[in-house]
Amino acid sequence: MTDAPNPESTATLLSLLRQGDGSARERLVARYLPMLRRWAHGRLPMRARDLNDTSDLVQITLLSALKNLDRFESRHEGALLAYLRTTLLNAIRGEIRRVGRAGVVESLPEDIELSGAETQVPRLDSSQWLDYENALAKLPELKREAVLLRLEFGMSYAEIASALDRPSEAAASMMVSRALVELATHLE
(Lines give C-alpha, C1' and ligand atoms only; values in the text may rest on other atoms or scores of the structure.)
Protein backbone atom coordinates (compact mmCIF):
# COMPACT_ATOMS: atom_id res chain seq x y z
CA MET A 1 0.00 0.00 0.00
CA THR A 2 1.32 3.45 -0.89
CA ASP A 3 1.29 6.48 1.32
CA ALA A 4 0.02 8.76 -1.46
CA PRO A 5 -2.36 11.42 -0.22
CA ASN A 6 -6.02 11.11 -1.15
CA PRO A 7 -6.91 13.22 -4.17
CA GLU A 8 -9.15 16.22 -3.67
CA SER A 9 -12.80 15.27 -3.62
CA THR A 10 -15.00 16.28 -6.51
CA ALA A 11 -17.10 18.33 -4.09
CA THR A 12 -14.01 20.27 -3.02
CA LEU A 13 -13.00 20.92 -6.63
CA LEU A 14 -16.55 22.00 -7.53
CA SER A 15 -16.60 24.41 -4.61
CA LEU A 16 -13.25 25.86 -5.66
CA LEU A 17 -14.43 26.15 -9.26
CA ARG A 18 -17.58 27.99 -8.22
CA GLN A 19 -15.33 30.39 -6.30
CA GLY A 20 -13.43 31.13 -9.50
CA ASP A 21 -10.39 28.86 -9.07
CA GLY A 22 -9.29 28.10 -12.66
CA SER A 23 -6.87 25.39 -11.56
CA ALA A 24 -9.82 23.47 -10.04
CA ARG A 25 -11.36 23.34 -13.55
CA GLU A 26 -8.11 21.92 -14.91
CA ARG A 27 -8.03 19.24 -12.19
CA LEU A 28 -11.66 18.29 -12.87
CA VAL A 29 -10.96 18.05 -16.60
CA ALA A 30 -7.87 15.91 -15.93
CA ARG A 31 -9.95 13.62 -13.70
CA TYR A 32 -13.03 13.18 -15.91
CA LEU A 33 -11.84 13.63 -19.50
CA PRO A 34 -10.18 10.17 -19.80
CA MET A 35 -13.20 8.39 -18.29
CA LEU A 36 -15.63 10.21 -20.56
CA ARG A 37 -13.49 9.54 -23.64
CA ARG A 38 -13.47 5.80 -22.85
CA TRP A 39 -17.21 5.84 -22.27
CA ALA A 40 -17.96 7.76 -25.47
CA HIS A 41 -15.67 5.67 -27.69
CA GLY A 42 -17.77 4.07 -30.41
CA ARG A 43 -21.01 5.80 -29.40
CA LEU A 44 -20.91 8.46 -32.13
CA PRO A 45 -21.80 6.58 -35.33
CA MET A 46 -19.41 6.86 -38.24
CA ARG A 47 -22.03 8.69 -40.28
CA ALA A 48 -22.12 11.43 -37.62
CA ARG A 49 -18.38 12.04 -37.61
CA ASP A 50 -17.14 14.92 -39.67
CA LEU A 51 -15.03 17.73 -38.29
CA ASN A 52 -16.25 16.80 -34.80
CA ASP A 53 -14.83 13.47 -33.79
CA THR A 54 -15.88 11.79 -30.57
CA SER A 55 -12.85 13.01 -28.64
CA ASP A 56 -13.54 16.63 -29.59
CA LEU A 57 -17.19 16.26 -28.68
CA VAL A 58 -16.25 14.88 -25.26
CA GLN A 59 -13.87 17.75 -24.55
CA ILE A 60 -16.30 20.43 -25.72
CA THR A 61 -19.14 18.89 -23.72
CA LEU A 62 -17.06 18.56 -20.55
CA LEU A 63 -15.87 22.16 -20.70
CA SER A 64 -19.38 23.40 -21.44
CA ALA A 65 -20.83 21.40 -18.55
CA LEU A 66 -18.23 22.79 -16.16
CA LYS A 67 -19.20 26.34 -17.20
CA ASN A 68 -22.86 25.62 -16.39
CA LEU A 69 -22.51 24.09 -12.94
CA ASP A 70 -25.03 26.47 -11.41
CA ARG A 71 -27.75 23.98 -12.44
CA PHE A 72 -25.94 21.02 -10.91
CA GLU A 73 -26.32 19.93 -7.29
CA SER A 74 -23.81 17.34 -6.09
CA ARG A 75 -25.28 14.92 -3.57
CA HIS A 76 -22.28 12.58 -3.51
CA GLU A 77 -18.98 11.93 -5.25
CA GLY A 78 -20.42 9.95 -8.20
CA ALA A 79 -23.15 12.45 -9.08
CA LEU A 80 -20.95 14.64 -11.28
CA LEU A 81 -19.93 11.71 -13.46
CA ALA A 82 -23.58 10.75 -13.97
CA TYR A 83 -24.39 14.38 -14.83
CA LEU A 84 -21.51 14.53 -17.31
CA ARG A 85 -22.57 11.24 -18.88
CA THR A 86 -26.10 12.54 -19.41
CA THR A 87 -24.77 15.80 -20.85
CA LEU A 88 -22.44 13.91 -23.19
CA LEU A 89 -25.20 11.52 -24.25
CA ASN A 90 -27.37 14.52 -25.14
CA ALA A 91 -24.48 16.03 -27.13
CA ILE A 92 -24.03 12.76 -29.05
CA ARG A 93 -27.76 12.67 -29.81
CA GLY A 94 -27.54 16.30 -30.96
CA GLU A 95 -24.66 15.46 -33.32
CA ILE A 96 -26.62 12.55 -34.77
CA ARG A 97 -29.65 14.81 -35.34
CA ARG A 98 -27.46 17.56 -36.83
CA VAL A 99 -25.90 15.20 -39.34
CA GLY A 100 -29.31 13.72 -40.13
CA ARG A 101 -30.59 17.18 -41.06
CA ALA A 102 -27.49 18.31 -42.92
CA GLY A 103 -26.43 15.04 -44.50
CA VAL A 104 -22.99 13.53 -44.44
CA VAL A 105 -20.29 15.44 -46.28
CA GLU A 106 -17.57 12.83 -45.96
CA SER A 107 -17.31 9.80 -43.71
CA LEU A 108 -14.32 8.09 -42.19
CA PRO A 109 -13.36 4.68 -43.52
CA GLU A 110 -15.09 1.83 -41.64
CA ASP A 111 -11.81 0.02 -40.96
CA ILE A 112 -10.01 2.98 -39.36
CA GLU A 113 -8.08 2.05 -36.21
CA LEU A 114 -9.30 4.02 -33.21
CA SER A 115 -6.59 4.34 -30.61
CA GLY A 116 -6.98 5.19 -26.96
CA ALA A 117 -9.96 3.01 -26.20
CA GLU A 118 -9.30 0.77 -23.23
CA THR A 119 -12.75 -0.78 -23.00
CA GLN A 120 -15.01 -2.35 -25.58
CA VAL A 121 -18.36 -0.66 -25.94
CA PRO A 122 -21.10 -3.21 -26.58
CA ARG A 123 -22.77 -2.72 -29.93
CA LEU A 124 -26.49 -2.31 -29.45
CA ASP A 125 -28.96 -1.58 -32.19
CA SER A 126 -31.11 1.52 -31.77
CA SER A 127 -34.10 -0.32 -30.26
CA GLN A 128 -31.86 -2.13 -27.74
CA TRP A 129 -30.17 1.14 -26.84
CA LEU A 130 -33.53 2.84 -26.35
CA ASP A 131 -34.79 -0.04 -24.20
CA TYR A 132 -31.63 0.13 -22.06
CA GLU A 133 -31.87 3.92 -21.64
CA ASN A 134 -35.57 3.72 -20.74
CA ALA A 135 -34.94 0.96 -18.19
CA LEU A 136 -32.00 2.89 -16.75
CA ALA A 137 -34.19 5.98 -16.34
CA LYS A 138 -36.63 3.97 -14.21
CA LEU A 139 -33.97 3.19 -11.59
CA PRO A 140 -33.61 5.40 -8.54
CA GLU A 141 -30.77 7.89 -8.95
CA LEU A 142 -28.25 6.08 -6.73
CA LYS A 143 -28.85 2.70 -8.38
CA ARG A 144 -28.66 4.27 -11.84
CA GLU A 145 -25.31 5.82 -10.95
CA ALA A 146 -24.05 2.48 -9.60
CA VAL A 147 -24.91 0.81 -12.91
CA LEU A 148 -23.32 3.60 -14.93
CA LEU A 149 -20.12 3.59 -12.92
CA ARG A 150 -19.74 -0.19 -13.19
CA LEU A 151 -21.00 -1.01 -16.69
CA GLU A 152 -20.31 2.12 -18.66
CA PHE A 153 -17.25 3.52 -16.91
CA GLY A 154 -15.74 0.19 -15.84
CA MET A 155 -15.02 1.30 -12.28
CA SER A 156 -13.95 -1.21 -9.66
CA TYR A 157 -16.14 -1.84 -6.64
CA ALA A 158 -13.63 0.06 -4.50
CA GLU A 159 -13.94 3.09 -6.78
CA ILE A 160 -17.74 2.81 -6.74
CA ALA A 161 -17.74 2.54 -2.94
CA SER A 162 -15.75 5.77 -2.77
CA ALA A 163 -17.83 7.57 -5.40
CA LEU A 164 -21.19 6.61 -3.89
CA ASP A 165 -20.23 6.81 -0.21
CA ARG A 166 -20.63 3.07 0.43
CA PRO A 167 -18.81 1.63 3.48
CA SER A 168 -16.95 -1.12 1.56
CA GLU A 169 -16.29 -2.84 -1.75
CA ALA A 170 -18.75 -5.55 -0.73
CA ALA A 171 -21.46 -2.95 -0.11
CA ALA A 172 -20.78 -1.40 -3.52
CA SER A 173 -20.86 -4.83 -5.15
CA MET A 174 -24.19 -5.62 -3.50
CA MET A 175 -25.59 -2.25 -4.58
CA VAL A 176 -24.53 -2.83 -8.20
CA SER A 177 -25.92 -6.38 -8.16
CA ARG A 178 -29.28 -5.23 -6.85
CA ALA A 179 -29.39 -2.36 -9.33
CA LEU A 180 -28.67 -4.75 -12.21
CA VAL A 181 -31.46 -7.08 -11.09
CA GLU A 182 -33.85 -4.14 -10.98
CA LEU A 183 -32.61 -2.94 -14.39
CA ALA A 184 -33.25 -6.40 -15.82
CA THR A 185 -36.84 -6.36 -14.55
CA HIS A 186 -37.41 -3.09 -16.41
CA LEU A 187 -35.99 -4.62 -19.59
CA GLU A 188 -38.43 -7.55 -19.60
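## Helix packing

Helix axes here are lines fitted to C-alpha atoms over the stretch in contact, with angles taken between N-to-C directions. In this predicted model, the axes of α6 (residues 141-152) and α8 (residues 169-187) come within 9 Å and cross at roughly 105 degrees. Angles of 65 to 115 degrees count as roughly perpendicular. Helix α6 is therefore roughly perpendicular to α8.

From α6 come Leu142, Lys143, Ala146, Val147, Arg150 and Leu151. They meet Met175, Val176, Ala179, Leu180, Glu182 and Leu183 of α8.

## Overall fold

The chain has 8 helices and 0 strands. Its order from the N terminus is α-α-α-α-α-α-α-α.

Of 188 residues, 35% are buried. The accessible surface is about 11,200 Å², and carbon and sulfur atoms supply 51% of that area. Among contacts with a separation of 6 or more, 66% join residues 24 or more positions apart.

## A buried glutamate without a partner

Glu145 sits in α6. This residue is buried but has no salt bridge. Arg144 carries the nearest side chain of opposite charge, 6.0 Å away.

What does Glu145 touch, leaving aside residues up to four places away in sequence? Its contacts are His76, Gly78, Ala79, Ala82 and Leu164.

The structure holds 5 salt bridges. One of them pairs Glu133 with Arg85, with the closest N and O atoms 2.6 Å apart. Glu133 belongs to α5 (residues 126-138) and Arg85 to α4 (residues 79-102), so the bridge ties together parts 48 residues apart in sequence. Both residues are buried.

Glu133 also bridges to Arg93, at 4.0 Å from N to O. This pair again links α5 to α4, across 40 residues. Arg93, at 33%, is partly exposed. Bridges with shared partners join Arg85, Arg93, Glu133 and Glu152 into one network.

Arg27 and Glu8 form a salt bridge of 2.6 Å, N to O. Arg27 lies in α2 (residues 22-40), while Glu8 lies in the segment before α1 (10-18). The two are 19 residues apart, and the pair links distant parts of the chain.

Are these two residues buried or partly exposed? Arg27 is partly exposed, with a relative accessible area of 30%. Glu8 is partly exposed as well, at 32%.

Technical notes:
Residues are numbered from 1 along each chain as its sequence is written. This is a predicted model: local features need pLDDT of at least 70, side-chain atom pairs count only at pLDDT 80 or more; totals for chains, interfaces and linings use all residues. Side-chain values use heavy atoms; hydrogens and water are left out. Helices (H or I, at least four residues) and strands (E, at least two) are DSSP runs, numbered from the N terminus. Buried means under 20% relative accessible area, exposed over 50%, partly exposed in between (1.4 Å probe, protein chains only). Contact means heavy atoms within 4.5 Å. Accessible areas come from the Shrake-Rupley method with a 1.4 Å probe; for residues, only the protein chains shown count as cover. Lys and Arg count as positive and Asp and Glu as negative; His and the chain ends are not counted. Axes are lines fitted to C-alpha atoms, for helices over the stretch in contact, and angles run from 0 to 180 degrees between N-to-C directions. Angles under 35 degrees count as roughly parallel, over 145 as roughly antiparallel, 65 to 115 as roughly perpendicular and the rest as oblique.
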